[in-house]
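Please prepare a short briefing on the structure shown below.

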Amino acid sequence: MNTWHRILLVLSLGLLAIPAFAQDVPASSSSSSLSLSSSSSASSEVHVAKTVNVVMHTALGDIELAIEVERAPITAKNFLRYVDHKRLDGMVFYRDVKVGITGEYGLVQGGLHFHPERLYKPIPHEPTTVTGLSHVNGAISMARLAPGTATAEFFIVVGDLTSLDAQPDAKGDNAGYAVFGHVTKGMDVVKRILDLPCSSRGGDVSMKDQMIINPVKVSSVRRVQ
């Protein structure tokens with residue numbers, strides 16, 4: 001993916017400003033996955049980062065996710081409160097961003113874009129330089145305007161798009177986007193969503209030719225054991 005495509009992708013991820021509503025944040029539980037981090041012990045012990053498993057039931061099939069409650073605690077807690085309060089039930093995937101001539105890279109975006117009354121207040125930005133996570137194939141990350149404006153809009157990455165990570169040496173808004181988990185099953189569903197036809201009308205100018213003509217409904221989002 002060339003530099004121009006990367007610039008276009010970063011510039012196109014902004015969302016229309018939507019009012020947010022403050023709510024209390026419930027405590028979240030966690031389970032473990034095979035996410036690895038280095039150990040400081042001489043025996044090179046492997047640390048297993050805690051995650052919570054979540055399943056999205058979409059009209060095109062299920063998408064299963066591992067939410068990084070240990071490595072991205074702020075962003076994960078925010079996502080899970082929407083899950084636990086069932087505020088993501090009935091949401092849609094409404095946007096495709098295709099990158100590259102053959103579309104081998106891209107992302108699908110969903111959330112409460114059409115339901116601003118369900119939003120909680122924005123959360124602090126949690127950059128990849130802090131979490132150690134990255135926008136690799138299957139990563140789920142928060143969409144935002146300026147850092148600290150993310151609420152309930154998120155996107156899932158198809159292909160490695162590490163240019164969306166925080167870039168400390170870059171000029172301007174270099175904080176990147178906040179990865180908070182990854183797809184464990186259902187990338188075929190994500191790719192089907194990315195392949196859906198889009199309209200050249202509707203949405204903000206930054207979303208031209210990216211709004212899915214028939215958005216994909218998500219009937220429910222739930223924690224699973």
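The points below are grouped by topic.

This is a predicted model. Its mean pLDDT is 83, and 77% of the residues reach 70 or more. Residues 1–41 have a pLDDT below 50, and this stretch makes 103 contacts in the model beyond near neighbours in sequence. The structure holds five salt bridges and one cavity of 30 Å³ or more.

**Salt bridges**

- Five salt bridges are present in the structure, among them the pairs Arg-223 with Asp-84, Asp-89 with Arg-222, and Arg-71 with Glu-68.
- Arg-223 and Asp-84 meet through their side chains at an N to O distance of 2.7 Å.
- Arg-223 has a relative accessible area of 24% and is partly exposed.
- Asp-89 and Arg-222 form a salt bridge through their side chains, with 2.9 Å from N to O. Here too distant parts of the chain are linked: Asp-89 sits in the loop between H2 and S4, Arg-222 sits in strand S10, and the two are 133 residues apart.
- Asp-89 has a relative accessible area of 17% and so is buried, the limit for that class being under 20%. Arg-222 is partly exposed, at 28% relative accessibility.
- Arg-71 and Glu-68 are bridged with their closest N and O atoms 3.0 Å apart. Glu-68 is buried, with a relative accessible area of 2%, whereas Arg-71 is partly exposed, with 22%.

**Cavity**

- One cavity reaches 30 Å³ or more; the largest cavity holds about 60 Å³ of space.
- The lining of the largest cavity is made up of Thr-75, Ile-123, Pro-124, His-125, Glu-126, Met-142, Arg-144, Gly-148, Thr-149, Ala-150 and Ala-178.
- By residue class, this lining comprises five nonpolar, four polar and two charged residues.
- Glu-126 and Arg-144 are among the lining residues, and they belong to the charged class because Asp, Glu, Lys and Arg are counted there.

**Pro-147**

- Pro-147 lies in the loop between strand S6 (139–142) and strand S7 (154–158).
- Pro-147 is partly exposed, with a relative accessibility of 42%.
- Apart from neighbours within four places in sequence, Pro-147 contacts His-125, Asp-173 and Ala-175. Of these, His-125 is also listed in the lining of the largest cavity.
- The C-alpha atoms of Pro-147 and Glu-126 are separated by 8.7 Å, the two residues being 21 residues apart along the chain. Glu-126 is another residue of the cavity lining.

**Asp-96**

- Asp-96 is located in strand S4 (residues 92–99).
- Asp-96 is buried, with a relative accessibility of 2%.
- Not counting residues up to four places away in sequence, Asp-96 touches Leu-107, Val-108, Ile-193, Leu-194, Asp-195, Leu-196, Cys-198, Gln-210 and Ile-212.

Definitions and conventions:
Residues are numbered from 1 along each chain as its sequence is written. This is a predicted model: local features need pLDDT of at least 70, side-chain atom pairs count only at pLDDT 80 or more; totals for chains, interfaces and linings use all residues. Side-chain values use heavy atoms; hydrogens and water are left out. On a 1 Å grid over the protein atoms alone, a cavity is a set of points where a 1.4 Å probe fits but cannot get out, and a pocket is an open set with protein on both sides within 12 Å along at least five of seven lines; lining residues have an atom within 4 Å of a point. Grid points are joined across faces, edges and corners, and a volume is the space filled by probe spheres set on the points. Helices (H or I, at least four residues) and strands (E, at least two) are DSSP runs, numbered from the N terminus. Buried means under 20% relative accessible area, exposed over 50%, partly exposed in between (1.4 Å probe, protein chains only). Contact means heavy atoms within 4.5 Å. A salt bridge is a side-chain nitrogen of Lys or Arg within 4 Å of a carboxyl oxygen of Asp or Glu. pLDDT is the predictor's confidence in each residue, from 0 to 100.
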